[in-house]
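Here are a few notes to go with your first look at this structure. Please keep the view open as you read through the points.

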Amino acid sequence: MTHNTNTNTTAMIAALAVLSTLSATASAATLAISTFDTGDEGWISQRGPTGSPYTVNWNPTGGVPTGHINYWDHTSYDYEFFSASSSFLGSGDFSQAAGNGGVSFDWGTDMGSASQMLQIAFTSTYLGSTVLWTETPATIGPGWTNYDFAFDSTASWMIEINGAPVVAATSADISGVLAVVNGMFITADTVDGMDGNCWLDNPMIYSVPAPGAFALLGLAGIAGTRRRRR
Ligand SMILES: [Ca+2]
């Protein structure tokens, strides 16, 4: 009896461990990430894809956690962005996250006390040369804020295609851009003037599993509960 209970308990723990691993894998697949824990990972700051490149500062501590990067305004007349490295962008195909994932990062600034906007933009070869972006009021202060923008209509994505007037992006636009991304930009300078600092950690593009995958995990969870009650 004692022997059986121990065997069952061991089996149950093993099953739960497998389930928990599956659950963690299914909850979000990381398609690209920079943690800045050991260096700047090739990130720079620039106005846009053809803007002058500036180096960012790498800080070994103070991030979320450990290392992070920051940018101190270099120009009095331009707005610079943190510009993702080629290793972060990889093949540039993030289409599996379209409608089913998003982009997140930890960010902060000490620039200004008035309302400032935080922007994130993707440049791409979709329909020629296309910029997809969205923005939200920036939290000003000494600490970190996590920002998370879903690749669907909840994030108010805007698009500029070949210099045409800016319009709201459709889901087809979002999918099209995410298949051929060649740049990702996050605000690094919120105020016109050389007056402050922005910092960044954990930029990440992720996808989440289809609803079917969640349903499967739910069934596995119910089966596990029944076994435990026996
Ligand atoms: Ca970090």
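**Notes on the fold**

1. Contacts with a separation of 6 or more come 76% from residues 24 or more positions apart; two residues are in contact if their C-beta atoms, placed from the backbone, lie within 7 Å. Please bear in mind that this is a predicted model, where local features need pLDDT of at least 70, side-chain atom pairs count only at pLDDT 80 or more, and totals for chains, interfaces and linings use all residues. Numbering starts from 1 along each chain as its sequence is written.

2. You will find 4 helices and 14 strands in the chain. These are DSSP runs numbered from the N terminus: helices are H or I with at least four residues, strands E with at least two.

3. Of the 230 residues, 31% are buried. Buried means 20 or more other C-beta atoms within 10 Å of a residue's own, exposed 12 or fewer, and partly exposed in between, with C-beta atoms placed from the backbone.

4. The largest nonpolar core has 45 residues, and F82, L132, I174, L178, I186 and L200 touch the most other members. Strand β14 (residues 197-207) gives the most to this core, with 6 residues. Such a core is a set of buried Ala, Val, Leu, Ile, Met, Phe, Trp, Tyr and Cys residues joined through C-beta atoms within 7 Å.

5. Two backbone details are worth a look. V64 and P65 are joined by a cis peptide bond, with omega about -5°, and P65 sits in the loop between β4 (57-63) and β5 (66-72). N202, in strand β14, is not a glycine, yet its phi is positive, near 55°.
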